[in-house]
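Subject: Handing over a structure

Dear colleague,

Please keep it open while you read.

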Amino acid sequence: MRRKIVVGNWKMNNTIAESVELATAIAEKVGGDGVTCEVGIAPTFPALHEVGKVIEWSGIRLCAQNCHYENDGAFTGEVSTRMLAAAGCSYVIVGHSERRQYFGETSQIVNRKVQKALAEGLSVIMCVGETLDERERGVTDEVVATQVVEGLADVTDLTNLVIAYEPVWAIGTGKTATSQQAQDVHAMIRAKVAELYGQQAADHLRIQYGGSVKPSNAVELFGMPDIDGGLIGGASLKVDDFMGIVEAAG
Ligand SMILES: O=C(CO)COP(=O)(O)O
């Protein structure tokens, strides 16, 4: 039985003070009894440490939105996994489509980051997903499977890895993949992972869905057999919406 995981990706939103306020409110709700799924939040780099302090008691995982693949050195503007671990992070999101689209991140770079983060002892959420053009051309499975294979090159152990399937056309657009569309791709990813790592590893792997998840569609999405939770953008910035989604996951 896979434990569901819901992570709020705050993207480039909130100052330190705003982040602490939001995190405190979420911690108060998640920290009580009744939430059985794993919950994480991913604030911006400057807010990580302070947010980590206010959620520590609650069991919420501190997540980073990105990392570099070297320990330190002349890489202006970058943050290493070593620094993230020291700041209290337990997860790092790698290969988000916004990183691939706006910052030229290739699957090869994503792979280096995945390997580095896992070696550092961080858990990784590796994002994959097709563009609208790719979906319309009927190459979704091919594109996503390639991202999975290339992103996981030389990775031998998937224990601390989560895959997030985020169709690019559904991110921030209000257009959610139907639960069946999402399920189909999740099942394809799981089959690909079974081919590469064996059935047992595939059965244990958690695959989150991301892209306009809201309290109103979360129950149906999370009810699909291969959807193990969500990576939430816009709706994770509002306590009630985020909690509605967390509750949908259990
Ligand atoms: O990109 C996402 C999470 O990483 C999804 O964003 P939205 O929930 O705003 O569509």
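Two residues are counted as being in contact if their C-beta atoms, placed from the backbone, lie within 7 Å. On that basis, among the contacts in the protein chain between residues at least 6 apart in sequence, 71% join residues at least 24 apart. Please bear in mind throughout that this is a predicted model.

To begin with the chain as a whole, it contains 11 helices and 8 strands. Its radius of gyration is 17 Å, close to the 18 Å that the globule rule gives for 250 residues, so the chain is as compact as a globular protein of that length. The C-alpha trace spans about 45 × 45 × 35 Å along its principal axes, and buried residues account for 44% of the 250 residues.

The ligand comes next. It is surrounded by 14 residues, of which the closest are Asn9, Ile171, Gly210, Gly233 and Gly234, and this shell divides into 5 nonpolar residues, 8 polar and 1 charged. Separately, UniProt, in an unreviewed entry, places the feature "binding site" at Asn9, Trp10, Lys11, Gly172, Ser212, Gly233 and Gly234. Although these positions are spread over 226 residues of sequence, they cluster in space, with a largest C-alpha distance of 13.9 Å.

Leaving aside neighbours within four places in sequence, Asn9 is in contact with Ala42, Gln65, Ile93, Leu231, Ile232, Gly233 and Ser236. Trp10 is found in the loop between E1 and H1, and Trp10 is buried as well, with 24 other C-beta atoms within 10 Å; its contacts, not counting residues up to four places away in sequence, are Ile41, Ala42, Pro43, Thr44, Ser236 and Leu237. Lys11 also has its place in the loop between E1 and H1, but Lys11 is partly exposed, with 18 other C-beta atoms within 10 Å, and it has a positive phi of about 50° although it is not a glycine.

A positive phi in a residue other than glycine is found at Asp154 too, where the value is near 65°. Asp154 lies in the loop between helix H7 (140-151) and strand E6 (161-165), and it is exposed, with 8 other C-beta atoms within 10 Å.

As for the buried parts of the chain, Val94 in strand E4 (residues 91-94) has 31 other C-beta atoms within 10 Å and is therefore buried. Not counting residues up to four places away in sequence, Val94 touches Cys67, Val110, Lys113, Val114, Ala117, Val124, Ile125 and Met126, while its C-alpha atom is separated by 9.6 Å from that of Ala164, 70 residues apart along the chain.

Finally, in helix H11 (residues 239-249) the residues Phe242, Ile245, Val246, Ala248 and Ala249 are buried. Seen down the axis of H11, these buried residues fall within an arc of 160°, so they line one face of the helix. They pack against strand E1 (5-9), helix H1 (16-30), strand E2 (38-42), helix H10 (215-222) and strand E8 (229-232). Just after H11, Gly250 takes a positive phi of about 110°.

With best wishes

Terms used
Residues are numbered from 1 along each chain as its sequence is written. This is a predicted model: local features need pLDDT of at least 70, side-chain atom pairs count only at pLDDT 80 or more; totals for chains, interfaces and linings use all residues. A residue is near a molecule or strand if its C-beta atom, placed from the backbone, lies within 6 Å of it. Ala, Val, Leu, Ile, Met, Phe, Trp, Tyr, Cys and Pro count as nonpolar, Asp, Glu, Lys and Arg as charged, and the others, Gly among them, as polar. A residue is buried if 20 or more other C-beta atoms lie within 10 Å of its own, exposed if 12 or fewer, and partly exposed in between; C-beta atoms are placed from the backbone. Helices (H or I, at least four residues) and strands (E, at least two) are DSSP runs, numbered from the N terminus. The arc is that of the directions from the helix axis to the C-beta atoms. UniProt positions are given in the numbering used here, feature names are shortened, and annotations may be inferred rather than shown by experiment. The radius of gyration is taken over C-alpha atoms; the globule rule is 2.2 Å times the number of residues to the power 0.38.
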